[in-house]
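This report is meant for a reader who is meeting the structure for the first time. Please keep the sequence and the 3D view at hand while reading.

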Amino acid sequence: MAVVPIRIAPDPVLRQRSKRVRIVDTSIHTLIKDMIETMHDALGVGLAAPQIGIPLRVIVIAVPEEEEIALINPEIVRRRGERRVDEGCLSVPGYMGQLERSESVTVKGRDRNGKEIRIKAVEMLAQALEHEIDHINGVLYLDRLDSMDDLRKVEPKETEEPEDAGKEL
Ligand code: CO
């Protein structure tokens, strides 16, 4: 396994629409392992493959108190409600923003064994799923801010933050 450098905006790979995974083989398993290791090393709670320079539709999420998730070709099939959240991105270091995310989402995709799965999520897991699925469509949370006034500078993160702090994804 390996920690891989995270691509930083405005790297063009972050603006690409990532390709669907056709076959879940060992190269995809290695990619998922590298993504999980890179996410933890960066103290993030989510990561999408384009963030390590691979334009494939693969995401990983590790929201506190929830099981670690790896999803291949994820798609949002249902969104409900709206809530205002604090959000950061490992590819946009040093900033946090406030934006609207769904209260709950239903996502379908494949797990790391290629098996079809469906996840119903609320709160931070729903937020993480929306954020990472945005990444594989070339969208950054910056695009979803009502105004640049909703963006603020923050100190670089060196240790785990309180539970209620905005997370980097
Ligand atoms: Co991000």
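## Terms and basis of the model

A residue is called buried when its relative accessible area is under 20%, exposed when that area is over 50%, and partly exposed in between, with a 1.4 Å probe and protein chains only. By this scale glutamate 75, with a relative accessible area of 35%, is partly exposed. The areas themselves come from the Shrake-Rupley method with a 1.4 Å probe, and for residues only the protein chains shown count as cover.

The model is predicted, so local features need pLDDT of at least 70 and side-chain atom pairs count only at pLDDT 80 or more, while totals for chains, interfaces and linings use all residues. Residues are numbered from 1 along each chain as its sequence is written, and side-chain values use heavy atoms, with hydrogens and water left out.

## Strands and their pairing

Helices (H or I, at least four residues) and strands (E, at least two) are DSSP runs numbered from the N terminus, and two strands pair if DSSP finds at least two bridges between them. An open sheet of four strands has the order β8-β5-β4-β9, with mixed pairing. Its edges are taken by β8 (151-153) and β9 (167-168), each of which has a single partner strand, so one side of each is left without a neighbour in the sheet. Strand β4 (residues 83-88) runs parallel to β9 and is joined to it by two bridges; here glycine 88 stands opposite glutamate 168 in β9.

Strand β6 (residues 104-110) has antiparallel links to two other strands that are described here: six bridges join it to β3, and seven bridges join it to strand β7 (residues 116-122).

## Backbone features

In the hairpin of β6 and β7, five residues lie between the strands, and glycine 114 takes a positive phi near 85°. Leucine 43, which is a residue other than glycine, also has a positive phi, near 60°. This leucine 43 lies in the loop between α1 and β1 (46-48), and with a relative accessible area of 23% it is partly exposed.

A cis peptide bond, with omega near 10°, leads from alanine 9 to proline 10. Proline 10 belongs to the segment before α1 (26-41).

## Salt bridges

A salt bridge is counted when a side-chain nitrogen of Lys or Arg is within 4 Å of a carboxyl oxygen of Asp or Glu, and by this rule the count comes to 12. One of these joins the side chains of glutamate 75 and arginine 20, at 3.7 Å from N to O. Glutamate 75 is in strand β3 and arginine 20 in the segment before α1, so that this pair links distant parts of the chain, 55 residues apart. Arginine 20 is partly exposed, with a relative accessible area of 42%.

Another salt bridge is formed by the side chains of arginine 84 and aspartate 150, at 3.3 Å from N to O. It links distant parts of the chain, 66 residues apart, with arginine 84 in strand β4 and aspartate 150 in the loop between α2 (123-136) and β8. Arginine 84 counts as partly exposed at 37% relative accessibility.

Arginine 101 and glutamate 87 also form a salt bridge, their closest N and O atoms being 2.6 Å apart. Since arginine 101 lies in strand β5 (residues 95-101) and glutamate 87 in strand β4, the pair ties together parts that are 14 residues apart in sequence. Both arginine 101 and glutamate 87 are buried. Salt bridges with shared partners also join Arg84, Glu100, Asp146 and Asp150 into one network.

## A negative surface patch

Patches are made of residues with over 30% relative accessible area and no salt bridge, where like charges are joined within 9 Å and nonpolar side chains (Val, Leu, Ile, Met, Phe, Trp, Tyr) within 5 Å. Glu65, Glu66, Glu67, Glu68 and Glu123 form a negative surface patch. Glutamate 65 is placed in the loop between β2 (58-61) and β3 (69-80), is exposed with a relative accessible area of 78%, and has a positive phi of about 75° although it is not a glycine.

How values were computed:
Lys and Arg count as positive and Asp and Glu as negative; His and the chain ends are not counted. The place of a charge is taken as NZ of Lys, CZ of Arg, CG of Asp or CD of Glu.
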